[in-house]
Amino acid sequence: MLKKYFKSSLTATFLLMALLNAFNTKAQSIADEVNSVHGYFQIDAQYYKQDTLIGAPIVPEKMLSNAFGNINYTKGKFSAGVRYEAYNNVMQGFDSRYKGQGITNRFARYQDELLDITVGNIYEQFGSGLLFRTYYEPGLLFDNSLDGIRVISNPYKGFTFKGLVGKQRSFFTLGPGIVRGFDGEWNINETFDTLLQNIKTKVILGGSFVSKNQADEDPDFVLPENVGAYGGRMNIIRGGFNFFAEYVQKENDPSLANNAVVGGKSYYSYQQGDAMFFSTSYATKGFSILLQGKRIDNMSFRSDRDATLQNLLINYLPATTKQHTYLLPAYSPYATQPTGEVGGMAEIQFKVPKGSVLGGKYGMDITLNASQANLLKPININDSTTTSKLYRTNYEEFGGELYHDFFIEVTKKFSKKFKGTFMYANQFNNINIVQHNTPKGPYGNVLSHIEVIDLTYKYKANSAIRMELQGMQRDNSDTLNLGSWVVGLLEWTPNTHFFVAAIDQYNYGNPVELLKLHYVYFSAGYTNGPHRISLSYGKQRAGIFCVGGVCRTVPASNGFAISITSSF
Amino acid sequence: MKKIILALLVVTAFAFTSSRGDGDKIPAITVKKLDGSKISTGTFANGGKPIIISFWATWCKPCKKELDAIQENYADWTKETGVKLIAISIDDARSAGKVVTDVKSKGWEYEVYIDENSDFKRAMNVNNVPHTFLVDGSGKIVWSHNSYTEGDEEKLYENVKKLAKGEALSH
C-alpha cells in the first residue's frame with residue numbers, strides 16, 4: 001500500500017517537474033527569477049571484517065551501504081523536491097528498520113509575500129523546538145518529517161502564522177498518529193516600525209499549540225486519544241544583550257517512554273509534562289558571556305505512544321552542555337533525558353588582544369565553559385491507581401548528578417605558519433542513565449580528565465601538517481568503561497585537494513591486559529569543489545556519535561570504507 | 001525499483017539540461033537575523049560586487065578555522081574586490097544562542113544569519129559544513145566548495161579576484 005503510494009506520488013512529482021520545466025523554457029527569457037534544478041548525493045559503504053578482540057561482530061553480508069540522493073527544483077515562487085534513499089543493508093550502528101530503498105521525501109511548495117503553502121514532507125520548527133521540530137540529519141539517519149500540509153502566512157508586518165497537519169515519517173512508512181500544530185509570532189518592532197524606530201529594545205513574542213491524535217486500542221487502559229501541548233516564548237534584544245525563554249506544557253500522555261515503575265509494577269503515567277528553556281547572552285567585540293538553562297519533566301512527545309529510541313519524536317529537547325568535536329572529549333557525550341532533568345551551562349569567550357604579553361602578534365582566544373545536568377527529585381504520591389499523577393516535583397530541589405563538564409580551551413597563533421589549540425576538560429557522566437537508560441545498571445559513574453593538544457604547521461600557502469595528541473585518564477580498574485585512553489593523529493594536506501591521515505587510539509588503561517589495544521585507522525580523501533571522496537581502512541572502537549542533541553551508538557568495526565558526497 | 005531509478009535519472013538529466021552555465025540565483029528562504037527578525041535570502045545583494053556565502057556551525061571546528069583565516073585578511077579583501085561574506089549558521093536551538101557570542105568574541109565582521117532548522121541549507125543542497133559558495137555581481141551562484149583545509153581561503157580569494165575581473169573560475 002505504502003510502496004504504491006510513494007510510487008504514485010513520485011510519478012506525480014516527476015510529471016509536475018517535467019511540466020514546469022517545459023513551461024519554464026518559454027518563460028525563461030521573460031522573468032529574471034530563480035529557475036534551477038539542484039541536488040546532492042551521498043554514498044557510504046563499508047567492508048567489515050570480524051574482530052573478536054575489539055568486539056567487531058560478523059556481518060553476514062560482508063559489505064553494507066547507505067546512500068541517498070536529493071533533488072530540488074525551483075522556478076520562481078514554486079519549488080519541489082524528492083529524496084531517494086537506499087540501505088543494502090543499513091550500515092552497522094544505525095537502526096536496522098532502515099531496510100531497502102525508496103522515495104522517502106517529496107514536496108511541492110508555493111510561496112509569495114502573503115502566503116507560503118507546502119504539501120508533502122515538511123521540515124518545520126516552532127520556537128526552540130520544545131513543542132514541535134521536524135528535521136533531517138543524514139549522519140544519524142534521523143528524519144521525523146511531517147508528511148502533510150503546511151501553510152505559513154504573513155498577513156501584516158511583524159506577524160507570522162504557521163499551521164500544519166500530517167503524519168510523521170517512520171523509516172519507510174508513516175507513524176500512526178496525526179499531528180496538528182499552530183504557531184504565531186509577533187515582532188513588535190516591525191509592526192510599529194515608525195512609532196518605535198528610535199527604541200533600541202527589540203521584542204518578539206510567540207506562542208504554539210500542538211496536538212496529536214492516536215486511537216486507543218488498549219484493552220485494559222483508557223488512554224487519551226488526543227494529547228495537546230502548548231506554550232509561549234519571548235525574545236528581548238538590546239544592543240549586545242539577548243534574552244530568549246520558552247515555557248511549554250503537555251497534557252497527560254501515557255506512553256512507553258514515560259512508563260513508570262512503582263513498587264515493582266509498571267504503570268502508564270498519566271502525569272502532565274512541562275519544559276522550560278532559556279538562553280541569554282551579552283556579546284561585544286572580543287568578549288562574550290552565555291548562560292543557558294533548562295528544566296524538563298516528562299516531555300517525551302511522540303506521534304506513537306509505543307515508539308522508542310529516536311523514532312517519531314514531535315519535539316526537540318536541546319541539551320545544554322558543551323558540544324565537543326575532538327575524539328576523547330566526545331567519548332562520553334551527554335544526551336537530554338526527556339523523562340526529567342534540570343541543567344545549565346555558562347560560557348565565557350574572550351580574545352587577549354594583539355600586542356599584549358599573552359596575546360603576542362596575533363592575539364589569543366580563550367573559552368571557559370561549565371555545564372551541569374541533574375535529575376529532578378520526584379516525590380512519589382503513592383497513588384497506585386493508574387488514573388492519576390504518580391509523582392510531583394518542585395523547582396527548588398534537584399536529584400542526583402547526571403553529568404558535568406568543566407572546560408577550558410586556548411587557541412593561539414604563534415607565527416604565520418604555526419598555530420595551536422590546547423584544551424582541558426573535567427567530565428562526569430552517570431553512564432547508567434545517560435547512555436543506557438538503566439538507573440540501576442552496572443556501568444556506574446565515570447570521572448574523566450581529558451587533555452588535547454592540536455598543532456598545525458602550514459609550511460606552504462596551501463600545504464599543512466596537523467598533529468593531535470589527546471589523553472583521557474579514568475579509573476583503570478573499571479572493566480565496563482575500559483579505563484584510560486591516549487590518541488595520536490597525524491594529518492597531511494599537501495594541497496587543497498588531498499588529505500592523508502593516520503590515527504591511533506590506544507586503550508592503555510584497559511584493566512584486562514589482553515585488551516590494551518591499539519585501534520589504528522588510516523584515511524585519505526580528495527576534494528574538488530562540491531565533490532568529495534574519502535577512503536579509510538582500519539579499526540574503529542565502539543562509540544557514541546552525536547550530531548546536535550541526537551546520538552547513536554556505533555559498534556566496533558574493522559575493515560575498509562568509502563564515502564562519496566557530491567552536490568550540483 | 002527500476003522505474004524509480006529511471007525517474008531519478010531523468011530528473012537528473014533535467015538538472016544538467018537546464019541552463020546552469022551562468023549559474024542560478026539564490027533561492028528565497030527565510031532565515032533569522034541576529035536581532036531575531038527575519039530576512040529572505042532572496043534579498044542578498046552587494047551592489048554588483050561578489051558575495052561569499054559560507055555555511056558554518058558553532059560546533060564545527062574547520063568552519064571556524066576557515067572564518068578565522070578569512071577574517072585576518074577580510075579588510076584587504078573588501079578593499080581590493082568589494083567582496084562581502086555572508087555567514088549562515090546552521091546551529092539548532094541547542095547552540096543557536098552561541099552564534100552571536102562566537103561571532104562577537106572572535107571579532108568576525110561578516111553578515112551573519114541563523115538557519116535554525118536548516119531550510120536554507122537544504123535549499124542550497126548543502127550536506128556537510130563547511131560549505132562555501134561564490135555569488136557573482138548579478139546574484140548568480142557560480143562556484144562552490146565543500147570542507148576546509150589550510151590554505152583553502154587563498155584559493156577562494158583567487159576566485160573572488162577572478163570574479164571581480166570577470167575571468168573564468170578554477171576549482
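How many C-beta neighbours does L309(A) have inside 10 Å, and does that make this residue buried or exposed? Select L309(A) and take a look: with 12 C-beta neighbours inside 10 Å, L309(A) counts as exposed. Keep in mind throughout that this is a predicted model.

**Stop 1**

L309(A) sits in the loop between β19 and β20 of chain A.

Now select N298(A), in the loop between β19 (287–297) and β20 (340–352) of chain A. N298(A) is likewise not a glycine, and its phi is positive at about 55°. Is N298(A) buried or exposed? It is buried, because 26 other C-beta atoms lie within 10 Å, and 20 or more is the cut-off for that label.

**Stop 2: two cis peptide bonds**

Next, show the peptide bond from N88(A) to N89(A). This bond is cis, with omega near -25°. N89(A) belongs to the loop between β3 (78–87) and β4 (100–111) of chain A.

Jump to chain B and select V129(B) and P130(B). The bond from V129(B) to P130(B) is also cis, with omega near 0°. P130(B) lies in the loop between α4 and β7 (131–135) of chain B.

**Stop 3: the fold of chain B**

You will find five helices and eight strands. Starting at the N terminus, you can trace them in the order α-β-β-β-β-α-β-α-β-α-β-β-α. Of the 171 residues in chain B, 51% are buried. Among the chain B contacts with a separation of 6 or more, 70% join residues 24 or more positions apart.

**Stop 4: the bent helix α2(B)**

Select residues 61–81 of chain B, which form helix α2. Where does this helix bend? Centre on N73(B): the bend there is about 60°.

Show the side chains of the buried residues of α2(B): C63(B), K64(B), K65(B), E66(B), L67(B), A69(B), I70(B) and W77(B). They pack against β4 (51–56), β5 (84–89) and α5 of chain B. Step just past the end of α2(B) and you reach G82(B), with a positive phi of about 75°.

**Stop 5: where chain B touches chain A**

Bring both chains into view. How many residues of chain B are in contact with chain A? There are 48, and they meet 74 residues of chain A.

**Last stop: confidence**

Finally, colour by pLDDT. Chain B has a mean of 86, and 87% of its residues reach 70 or more. Where pLDDT is low, the predicted coordinates should not be read in detail. For the complex, the predictor gives an ipTM of 0.86 and a pTM of 0.89.

Conventions:
Residues numbered from 1 in each chain as written. Chains lettered and ligands numbered in written order. Predicted model: local features only at pLDDT ≥ 70, side-chain atom pairs only at ≥ 80, totals over all residues. Contact = placed C-beta atoms within 7 Å. Helix = DSSP H or I, 4+ residues; strand = E, 2+ residues; numbered from the N terminus. Bend = angle between axes of the 7 residues up to and from the residue. pLDDT = per-residue confidence, 0-100.
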